[in-house]
Amino acid sequence: MIQIQQLKMPVEHEKKEIAYKIRKLLRLKPSQSFDFQIRKQSIDARRGQQPFYVYTVTVDLGLSAGKEQKLIEKVHNKNIMLTKEQAYQFPNNGTIRLNRRPVIVGSGPAGLFCAFLLAKYGYQPIVIERGKKVEARKQDVERFWQEGILDVSSNVQFGEGGAGTFSDGKLNTLVKDPAGRNRFVLETFVQNGADSSILYLNKPHIGTDRLIQVVRNMRDEIIRLGGTFYFETCLTDLQTEGGKIRSITVETAGKKRQIQTDLLVLAIGHSARDTFEMLFGHKLDMEAKAFAVGLRVEHPQQMIDLHQYHGAVQKLPAASYKVTASYQDQHRLRGIYSFCMCPGGYVVNASSEQGALAVNGMSYQKRDGKNANSAIIVSVTPDDFPGGGAHPLDGIAFQRELEKRAYALCGGSIPQQLYGDYKLGKVSDAYGDFASSVKGSCAFADLSGLLPGGMKEAFVYGMECFGRSIKGFERYDAILSGIESRTSSPVRILRNEQYESAVAGVYPCGEGAGYAGGILSAAMDGMKVAEAIGRKYGVAF
């Protein structure tokens, strides 16, 4: 297989023009047929030039490797080389016989992909989900945004698909991937209804509207392969014997029952606070971990497009950005950075507890909303938590306090403030040149006391820095919404190199357990746990 990198095309082009350029670069005769696949597509929009697309493609000429090598030597181009695809392999070679079906708690990306692999290779997993099926969950979320009626078990945080379902569906990750897990996740999403462009876009995303269908299709496939789902069913207790898991207690509609199992995967998500408390009571080793908190910031999408594309915005997708800065306060050096940037998106009420409020960002597949939004967040460490992080659940207490403050500001509506008024400590009385794109009720309030311990100064410092790289970022009428507190898990459940906790047979997994930071990395961690099970256990129910 031949790979061509840095294949440049104008913004407006057709697929046949890519084929023409491949033929020209490889100096192929008109009679030579070939197939090609796009492996990566990005936009080069550096200042001083017209934007253009940059591709990496693989080309199949139907030739032997030796003949391909001779062709490469002939064209003598550093961007043209031989490549070999790394096909994903699941290690289902375990020898210990499983007498009872594995149980997975949580159906977010980690739990879903762990279940998908285990089902595919005959392990017949049982999936426990405290929330509802994704289609019913969607109705609960929309009712909350429209009427303010919160279902604490079915909301933006809880339910089939996990918290990422009502976000942007972003699929970028910094995780190194020599085993082909990344590609497997993307291909699985496409097979279950995602657009095929996620296989090659530099910053792929599915979009909330499409992701709902993808999750439902994956559930149906897991069931077809022998898996079982129990929705609106919450894990409430563990039973162990000799340091090993033996069964779990679950509760459905107020009724408790036990499920016998030798394998328990904890893909519980970062907001399962009651579950963390129960697990701590069972002496699972865990620790408080660093994360970040801040405010979600809105700008007109057109402003971001004009800056990122230097005025050339026609025929180009809604632009994104990534910004970072550092601030030295009296305690430590803090990072300030953008998180979960949503081009053409919406700020959403992402609360999951009564009397507490958290926000997030969301985009639909087309990303055609009027505003861009991103969380601008400030790093916090266990030293910032009450108790200094000595207790593993101190980070949860820290989050809860911030969310209660945010709720109190407007009685449960999303509190908002213009950035210029935020610096002055003045309650805004109207939007500026653009209005908020928001899901859920909102009202103006003074957010300046929301971030604790000098973090407001760090936030303002970051906004001013970002204004030097993106013109208008620090504009007076940029809209702030608070609080962004669920950036990642405040807890890590410790596990060994075999992905097992101190309780044998219990596998902490994904973002909630502290081992991932987004849909793709969580899905890949779910795969790693499934692989660990496959290496150790064989099926024999």
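How many residues does helix α11 have, and how far does α11 reach from its first C-alpha to its last? The views below start there. This is a predicted model, in which local features need pLDDT of at least 70 and side-chain atom pairs count only at pLDDT 80 or more, while totals for chains, interfaces and linings use all residues. Residues are numbered from 1 along each chain as its sequence is written, and side-chain values use heavy atoms, with hydrogens and water left out.

**View 1. Helix α11, residues 455–469.** Helix α11 has 15 residues and reaches 21 Å from its first C-alpha to its last, close to the 21 Å expected at 1.5 Å a residue (the expected span is 1.5 Å times one less than the number of residues). Helices here are DSSP runs of H or I with at least four residues, strands are runs of E with at least two, and both are numbered from the N terminus. Among the buried residues of α11 are M455, F459, M463 and F466; buried means under 20% relative accessible area, with a 1.4 Å probe and protein chains only.

**View 2. Helix α3, residues 109–120.** The 12 residues of α3 reach 16 Å from first C-alpha to last, close to the expected 16 Å. Of these 12 residues, 11 are buried, so α3 is largely enclosed by the rest of the structure. The buried set includes P109, L112, F113, F116 and L117. Look just after α3 for G122, which takes a positive phi of about 90°.

**View 3. Helices α4 (residues 134–147) and α6 (residues 208–224).** Their axes come within 9 Å and cross at roughly 150°; axes are lines fitted to C-alpha atoms over the stretch in contact, and angles run from 0 to 180 degrees between N-to-C directions. The two helices are therefore roughly antiparallel, a label for angles over 145 degrees. On the α4 side, V134, E135 and K138 meet I212, V215, R216 and R219 of α6, where contact means heavy atoms within 4.5 Å.

**View 4. An open sheet of 3 strands in the order β18-β17-β21, with mixed pairing.** Strands β18 and β21 (438–439) stand at the edges with a single partner strand each, so one side of each is left without a neighbour in the sheet. Strand β17 (residues 346–349) runs antiparallel to β18 through 4 bridges, and parallel to β21 through 2 bridges; strands pair if DSSP finds at least two bridges between them.

Notes:
Angles under 35 degrees count as roughly parallel, over 145 as roughly antiparallel, 65 to 115 as roughly perpendicular and the rest as oblique. Buried means under 20% relative accessible area, exposed over 50%, partly exposed in between (1.4 Å probe, protein chains only).
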